[in-house]
Amino acid sequence: MDDVAEGKDFSFPGQEERILQFWSDIKAFDTQLELTKDLPEYVFYDGPPFATGLPHYGHILAGTIKDIVTRYQTMRGHHVTRRFGWDCHGLPVEREIDKKLGINKKEDVLAMGIDKYNEECRSVVTRYVEEWEKIITRTGRWIDFHNDYKTMDLEFMESVWWVFAKLYEKNLVYKGFKVMPYSTGLKTPLSNFEAGENYKEVSDPEIMVAFPVVGDSHNAAFVAWTTTPWTLPSNLALCVNSNFTYVKVRNKYSGKIYVVAESRLAALPSESQKQKTTTNGLVDESKKSNPKSKGSGSKKAEDVSYEILEKFSGASLVGMKYEPLFNYFMEFADAAFRVVADNYVTDDSGTGIVHCAPAFGEDDYRVCLENQVINKGENLIVAVDDDGCFTSKITDFSGRYVKDADKDIIQAVKAMGRLVKSGSSTHSYPYCYRSQTPLIYRAVPSWFVRVENVKEQLLESNKQTYWVPDYVKEKRFHNWLENARDWAVSRSRFWGTPLPIWISEDDQEIIVMDSIDKLEKLSGAKIFDLHRHNIDHITIPSSRGPEFGVLRRVPDVFDCWFESGSMPYAYLHYPFENVELFEKNFPGHFVAEGLDQTRGWFYTLMVLATALFGKPAFRNLICNGLVLAEDGKKMSKSLKNYPSPLNVINDYGADALRLYLINSPVVRAEVLRFKKEGVYCVVKDVFLPWYNAYRFLVQNAKRLEVEGSGPFFPIDQAGLQKSSNVLDQWIYSATQSLVHFVCQEMDGYRLYTVVPYLLKFLDNLTNIYVRFNRKRLKGRTGDEDCRTALSMLYNVLLTSCKVMAPFTPFFTEVLYQNMRKVCKGAEESIHFCKFPQEEGKRGERIEQSVARMKTIIDLARNIRERHGKPLKTPLREMIVVHSDADFLDDIAGKLKEYLLEELNVRSLVTSKDIFTYATLRAEPDFSGLGKRLGKAMGIVAKEVKAMSQDDILAFEKSGELTIASHCLKREDIKVVRVFKCPAGRTEKEIDAAGDGDVLVILDLRADESLFEAGVAREVVNRIQKLRKKVGLEPTDAVEVYFKSSDENESVLHQVLNSQESYIREAIGSPLLPSSLMPSDAVVIGEDSFRTTANLYIAISLARPVLVCKSDSVLALYGGDRKAAQGLMTYLRSRDNLNLKAEFQLGNGEIFVDCIENQPAVKVVLGDHVFLTVGDDYLSSES
């Protein structure tokens, strides 16, 4: 393996750029697809975005989720086709062209020519395709941009025709009027889910209008309430609730007589004799109306302004006629201008009487149709044009925009003496999410899919799908399906897939095209494109004969949601191609998009698949939430409240951004406030520890080569499983647990659980395995043991890289490319590898014991910190108390040495007897239980706190307890172990800490016998810090010298001599008195400090210096001093490492025959020379 840089010098973005080039060079994605082509298909549907804007964090998030899942499924043995898709039609594109060309009305397009307009639309569709490909590729996503699908492609559009034709065959298509949310800004109806995208708080007029009852003896008038005065000119009926009680009341001051619901009497204006009245005796309360009021229900019912004359049921009012407000629709007088009844009328606002304008209200239309005020099939008169202006039918307001006409209509009503009350109301109102204009509800002729007919099938299809998170499926999506209404799939627009419907002039003959071939055969025309300007002129002769003329295509195009909902069929050009591929793999295996698509793409996919095939379109779905700016607002280019995705990637790398997004609430369909610092934290907390563990492996593998013991090649898995080292057994088991966990969570599509588990695993790898195994990994326990430890570390890193390759494709590739150099037969890329399988049995006991050991270390450190006892201060004894005998055996046995060394404690005692050291106390989890138990919480809490010691032990053993009929589990009750200080001892002498599971007790008393060990540990710590400070690598050999600056130097010498073996083992060489430092030694680092034991010491790091034994060298040349000096000069001029390697190859001997005019001699290591002062010192000491 090649040398690697320090973490601080490793550029994550730079390495990612290098990997991108590597993938490009080897055609990695294409190669992966080729390698897996014969494996079972895993079908993934990529929802098509519009290419008229640049990708944002929402796109990157969804793309990352898709990439992770598809990479994982590939590694698990599937062939996963990944084709990018583009939504090319619809309002977003037309809006671009309208702004570019200044088009405001449909007539502008017709004047320009649909052909020119559509070609303009086609020209902007792919404007940002290159930018999309650049950004998506830079994020590490593998997807095919060159074999992409576009909804404007001929093949795609033909399949959309087929889908519609099949629905028509099933009698699931009809033409009718539908009152729909209508955008006057875009001049088109919107689907219900589009209309729900953008609500705003607005202030609208609210008025009460009088409708005199025809033939009433009291000259009474019905009073209706509305917040849309502009609909009053189109009034055709009044609607009451049959179940309500209505009253006829007389105003005591004006004499006016009104009919309203009894429960809404208080909504009528209150008058007194002193109040000014209008000329017709009606009150204008607009100036004193509460602008925040919703409805008009603030006054008390016992208002004395009105005298009740009669009471009657709502049902008794049905059929009564009233005088119309305007005379625009008098031709409907026989059937209209009468009272009808329906339960949609409520009494929470208004008067209990609703005015009905069937062309401008969904319920209005339904009620008027059911009561034969209007008839199905008749041409409903819609007196508002496509631009939202009154038509010539409304003579007094013709050409006026409806919302602008509100004030004048109110004034006209007032002038007629029919205005009972006026004011304003602030309420939530839908706006067009594209043009930001207020929507109106307007009856439009449209072609519909009968969604209501398949509602039960839709609910059943939904049950067959698996969602993450499941509450989106069970609540939000289920509720949306339960309330599903017929879907208007046609739009009166230009740039879209045209409806394949040809109709005769007398509307008696209809042909729906299901293919281009059918159209060509029936028309005789050659089809090369299906857009309007290329097929609108095509006619079909009537099958009834020439006298019936020809069939012409209806002018509408499809709602673009119909196209995207057809994607599972259309991107494959089914059923014209890929029949077997589609039918074997439908429903698709996986889709993923944002929460907003529950009413968008997820819905249309479900509707069309269920209607066509009686099953869902997909099996598994991940629904992500919304990515907001750091301030909680929507990300906005104008506000500049978020960092550019490419800037973040260039700073920290795409892998860091991917993990940041995946490890956030947004993957659970919640909101994420994006913080750039969060991406940096991923680098710091995940990648740097991971990289440092890898770097430590490479350094020590290189050290084996440098020291001449041969290159490193990892031991195979079977050999590793036989290791007797407890930490080898533990990390091997932990790695298998990682594989098991990631497989389990990825198979459940729970991506968000993987990163926390990986963090924990990396922490264990670096802070337990590598930290506690440094001696083994550095070769201080023998070559064989070193190679076993390095092989284990290699195996763990390689396995973890393969496990995490779908999540962090760049970083894992970087590590893999170096590690594969010592692994025969390794795949060319990590992304060609199979996902790891569990090898061998996992050791749950040792994993739990080591986890508890970590807890013990943390608890003991907390005790030390509380008492100001740093780790370099040795302590006498630690007691570990726990009820699990197996755990105590592990702690007192194979894990003991690691605990004692890490915590700098001399002895360890274990005990099962908790009551010798502590008392138990039970505490209820108020936050969790409070929500669950409500009022019963007080009783349960009291009982929990009163639990006896035996009760608590029994609860810990069983794991559950019933109190007041409530079953409590382990998570509901916290067991606290309260330390009992032994008699005669203080908390300064002995203290404890626990976590509810294990109790740790430390003896804190000073002990002179531990003085020397403490100094030695401190000295070693300073030497290691100095090595790091001067930038030494672990493989860099140095000599370490010390000098005492105390008056009595013997104290320090005595301490260091007594701890000599510990120090030598810790630093890898003897600690040498400064008096032994050669005059020509190269010093590379110095430090001086006073120990906690008040000893002053100076340390120096120097390059190794060859030591020649002068007498022995002189003897080699028979006393020839000149020759001996020549040999010593030659040897000292050699590189120390190279010389060491030569001696190792010669088993401690080398022949020197290269000195001019001197005979060849055999130089023996240890007899004639020593490679270091330390070797010479140890030789003389022995």
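A residue counts as buried when its relative accessible area is under 20%, as exposed when the value is over 50%, and as partly exposed in between (1.4 Å probe, protein chains only).

You will find S1044 in strand β35, which covers residues 1039–1044. Strands here are DSSP runs of E with at least two residues, and helices are runs of H or I with at least four, both numbered from the N terminus. Which residues does S1044 touch, leaving aside its neighbours within four places in sequence? They are E1049, L1052 and Y1096, where contact means heavy atoms within 4.5 Å.

A word on the source: this is a predicted model, in which local features need pLDDT of at least 70, side-chain atom pairs count only at pLDDT 80 or more, and totals for chains, interfaces and linings use all residues. Residues are numbered from 1 along each chain as its sequence is written, and side-chain values use heavy atoms, with hydrogens and water left out.

## Helix α19 and its two partners

Two packed helices are described by the angle between their axes and the distance between the axes. The axes are lines fitted to C-alpha atoms, for helices over the stretch in contact, and the angles run from 0 to 180 degrees between N-to-C directions. Angles under 35 degrees count as roughly parallel, over 145 as roughly antiparallel, 65 to 115 as roughly perpendicular, and the rest as oblique.

Start with helix α13 (residues 470–482), which packs against helix α19 (residues 601–613) at about 50 degrees, with the axes 12 Å apart. The pair is therefore oblique. From α13, the contact uses F477, W480 and L481, and from α19 it uses F602, Y603 and M606.

On the α8 side the contact is made by W162, V163, K166 and L167, and on the α19 side by L608, A611, L612 and F613. The crossing of α8 and α19 is left-handed.

## A kinked helix

Helix α22 runs over residues 676–706, and at 1.5 Å a residue its 31 residues should span 45 Å. The expected span is 1.5 Å times one less than the number of residues. The end C-alpha atoms of α22 lie 42 Å apart, which agrees.

Where is the kink in α22? It lies at F687, shortly before the proline P689, and amounts to about 35 degrees. The bend at a residue is the angle between axes fitted to the seven residues ending there and the seven starting there. After α22 comes G708, with a positive phi near 85 degrees.

Most residues other than glycine have a negative phi, and most peptide bonds are trans. Two prolines are worth a look here. The bond joining V468 and P469 is cis, with omega about 0 degrees, and P469 sits in the loop between β15 and α13. The bond from F586 to P587 is cis too, with omega near 5 degrees; P587 belongs to the loop between α18 and β23.

Then there are two asparagines. N219 has a positive phi near 55 degrees and lies in the loop between β5 and β6. N219 is exposed, because its relative accessible area is 65%. N1147 also has a positive phi near 55 degrees, in the loop between α41 and β40. With a relative accessible area of 72%, N1147 is exposed.

Key:
Left-handed = near helix turned anticlockwise from the far one by under 90°.
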